Number of protein chains: 2
Amino acid sequence: MAGQKKLVEAITPMEEDFARWYTDIVKKAELMDYSSVRGCMVIEPYGWAIWENIRDLLDKRFKELGHQNVAMPLFIPESLLQKEKDHVEGFAPEVAWVTHGGSEELPERLCVRPTSETLFCDYYARKIQSWRDLPKLYNQWCSVVRWEKTTRPFLRSVEFHWQEGHTMHETAEEAKAETEQMLRVYAELCENELSIPVIKGRKTDKEKFAGAEMTYTIEAMMHDGKALQSGTSHYFGDGFARAFDITFQGRDNSVCYPHQTSWGLSTRIIGGIIMTHGDNDGLVLPPAIAPIQVVIVPVAQHKEGVLEKARELEQRLKKVCRVLVDDSDQSPGWKFAQYEMKGVPIRLEIGPKDIEKDQCVLVRRTDREKSFVSLADLEQAVLDQLEAVRRGMYDTALSRRENMTYTVKTLDEFREVADQKPGFIKAMWCGSPECEEKLKDLAGVSSRCMPFEQEQITETCVCCGQKAKAMVYWGKAY
Amino acid sequence: MAGQKKLVEAITPMEEDFARWYTDIVKKAELMDYSSVRGCMVIEPYGWAIWENIRDLLDKRFKELGHQNVAMPLFIPESLLQKEKDHVEGFAPEVAWVTHGGSEELPERLCVRPTSETLFCDYYARKIQSWRDLPKLYNQWCSVVRWEKTTRPFLRSVEFHWQEGHTMHETAEEAKAETEQMLRVYAELCENELSIPVIKGRKTDKEKFAGAEMTYTIEAMMHDGKALQSGTSHYFGDGFARAFDITFQGRDNSVCYPHQTSWGLSTRIIGGIIMTHGDNDGLVLPPAIAPIQVVIVPVAQHKEGVLEKARELEQRLKKVCRVLVDDSDQSPGWKFAQYEMKGVPIRLEIGPKDIEKDQCVLVRRTDREKSFVSLADLEQAVLDQLEAVRRGMYDTALSRRENMTYTVKTLDEFREVADQKPGFIKAMWCGSPECEEKLKDLAGVSSRCMPFEQEQITETCVCCGQKAKAMVYWGKAY
């Protein structure tokens, strides 16, 4: 293996420099490239193909639940952004402003959407008159812009791609149920398709979305023990509806305000995939979203019948998975390293000796487990192994998270763990923003969420000793 | 029928006011809504579902031809836009400028992309070193912004959605072949899937894309005889490559400039679908892109077994097409009119008497042809009728275009036809921009294209009498 590695440029080992390891993978697996615009990235074909696969998986789920896709404008007039007070306070400092169209100064500045609650509300106000018009279940796939000072590929950029769901409901109960349902959809996608275990919970008031009454989140743990907020779902109550004067005639003919939600998942999740599954040889992709699920590498491909056999297998496998034969003139060793870098879940090797025995070699990207597969059973063997890879990736990530999660009872313990052990800390909290702030100052961690699955570790807040209201996950975060 | 019509709000007949007829359909079929941002639209679920279907059909074709999707930044720094002289002259007057990020003024203005040649060139410059790196075959689905003064739904708006393909090739021949190939892809989509006959041809220098050496176009004729440019494909030579200093080492080790193309098709085509196929009862959708291909309307749905049967047929048809049962409490007449407005290609009616006879009524949206279909043969009958609708729509549109195309030999004839007969004019042209300008002034028409299928009508230019270089289609255009 060592000899092969030298053939592809090595990446920085994650133990040496985690941040460089990450950007090495992003660049060398050709997921993303920097552009001439500060903080804006080019998502390259391999990276975009991953996003398209995630999009298709989510979009199918949204549509099955009755959501419809729409396209709202890219711009928000300043006066529209300002209608909801908390919202504008949260977003105005980080938006890009369009001030000129051609050579003319605009009568009113337009911001490039940082999120589209205000645009949807503007639309709802025209479309919702009666309880019969509800619910409205919308989603859009688009990019948004937030003027971030420091940026990192996929994790934080000035422009990023996402989907934003926006819904309006007759009652608070329905809206809350939608908020929870969509969080479950995200969690299910992460756990089943992306093999990323997540903690479902509610954000504290300090960490919730600008303008929301309640924010739910799924939090994943990266290789380095840091948290990645991987998807959020917000319940707005009727705050925006009141600010935008959206009313409907209720079943009893009274004038009512509808109840609102929004929920989003972004290309950030690609950063989460890299930092959950990647290793020092490169990317490791969950099969469901891998642009290439199986690569076939011919061995001694100049020998008679090898390329033909490789192509025959490709044709067969095309019916059950995304497969590629690499018949370029690079050495097999170079190809092995190249597709490991690209995170392709399964490699098949086929050479003259294999053909003689009517078999091929199957190697899993995750653990390099090698097996011989009879060609007669190839399709089933590949499908079984893709499923084994999916499960294996989840189990590995879950046990890492479990090993790096610490339950603490006292402030001293809290500080010691935060200081010495990367990972999540579970501790009780009284509910006050002051204690949250203090834990951030003392231990450098933020509250990740109040998990739906609560435990009673102690009866009192780890910080102030007052009566505890909730168990909270704490950690450093991306 | 008259009684039924009154149940849904009537639309303005196209003979009375074509522009109002158009916007009535856009609004009442719920394709698009105006927003609070001048010239930017909300594409509503039904309109966006049409665009998603068009997108999927095209995207499949692009990928089969080896193109890969990417995502370029939304913004272009001013200095980057200015690198290619003709290009910046064409676009700078109509771009939106971002001048502030948060509360800070930017050191350099950014324009919101009006098109992305410059961004792709910036990327190519980093990615192309050797002839082995070519071709680069990229595409992106996105929205772009052009600061138009007067806007119309789908046809011209400040923000619009499209795909833009961008490719780089080793030789001029390859790039030209790509330019032609992608125009053929657009033409095939329009003719086969959208039932819109198009004329393939080349734009005159006056009408070509800013910065291109050559622009190919497909031109369709609308109901009112006006032309709609429905897709374009550009050959750039190495002009941008030189401006952006993109070079590669050729097969003979010399330093070479690559040859470039771009090609785009936008949501404008939805306007083309409306104005090619629509009638005074509303939208008429080509089956391939209709969000609902078949609507089932239960008749006397309160009677026992009717709704159950309707749902049973829906379950069966779901396997072969996009189908919907409308079991709302509106009357069948209201539903008939409603789905005619929405352009659903086929309506099935099923009531107690039909059930007794084991049949249903099938009505085509295009010509209202009504037939009884045995339930045993339903799937095949529906598929046959969808295909008949597709062909019928194309034939109708083609014979209209043929009937409204005039071949003229003299300037007097040209002016008379342009003045009195809506439609296309075929006439010879000497190749000079002066004659083009003069024909615009005299007759109010522009050159649509020099069709690939040339005819020799006369030997001289219809305008100046000099030797003719090409037969040209002329017309008024959207």
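B:Ile296 has contacts well away from its own stretch of chain: setting aside neighbours within four places in sequence, it touches B:Ala310, B:Leu313, B:Glu314, B:Val323, B:Val325, B:Leu348 and B:Ile350. Contact here requires C-beta atoms, placed from the backbone, within 7 Å. This is a predicted model, where local features need pLDDT of at least 70 and side-chain atom pairs count only at pLDDT 80 or more, while totals for chains, interfaces and linings use all residues. Residues are numbered from 1 along each chain as its sequence is written, and chains are lettered from A and ligands numbered from 1 in the order in which they are written.

**Core and buried helix**

- A:Ile296 and B:Ile296 touch the most other members of the largest nonpolar core, which has 282 residues. Such a core is a set of buried Ala, Val, Leu, Ile, Met, Phe, Trp, Tyr and Cys residues joined through C-beta atoms within 7 Å.
- Buried means that 20 or more other C-beta atoms lie within 10 Å of a residue's own; 12 or fewer makes it exposed, and anything in between partly exposed, with C-beta atoms placed from the backbone.
- Helix 6 of chain A (residues 117–127) has eight of its eleven residues buried, so it is largely enclosed by the rest of the structure. Those buried residues are A:Glu117, A:Thr118, A:Leu119, A:Phe120, A:Cys121, A:Asp122, A:Tyr123 and A:Tyr124.

**The five-stranded sheet of chain A**

- Helices (H or I, at least four residues) and strands (E, at least two) are DSSP runs numbered from the N terminus, and two strands pair if DSSP finds at least two bridges between them.
- Five strands line up as 16-15-17-18-19 in an open sheet with mixed pairing. Strand 16 (323–325) and strand 19 (370–374) sit at the edges with a single partner strand each, so one side of each has no neighbour in the sheet. From one strand to the next, the twist averages 25°.
- Strand 15 (residues 294–298) pairs with strand 16 in the parallel sense over three bridges, and A:Val294 stands opposite A:Val323.
- Helix 10 (residues 306–318) packs on this sheet, touching strands 15, 16 and 17 (346–350), with its direction at about 170° to that of strand 15. Axes are lines fitted to C-alpha atoms, for helices over the stretch in contact, and angles run from 0 to 180 degrees between N-to-C directions.
- Helix 13 (residues 378–403) lies across strands 15, 17, 18 (359–364) and 19, running at about 10° to strand 18.

- Strand 3 runs parallel to strand 7 (residues 136–145), joined by two bridges, and A:Gln68 stands opposite A:Tyr138.

**Where the chains meet**

- Chains A and B each put 42 residues into the contact. On chain A's side, strand 5 (residues 96–101) gives the largest share, six residues.
- Strand 5 of chain A pairs antiparallel with strand 5 (residues 96–101) of chain B over five bridges; A:Ala96 stands opposite B:Gly101.
- Chain A superposes on chain B by a rotation of 180° with 0.0 Å of shift along its axis (RMSD 0.0 Å), and the copies are thus related as by a two-fold rotation axis.
- A:Val98 has the C-alpha nearest the axis in chain A, 2.1 Å from it.

Technical notes: Contact = placed C-beta atoms within 7 Å. Least-squares fit on C-alpha atoms with pLDDT ≥ 70 in both.
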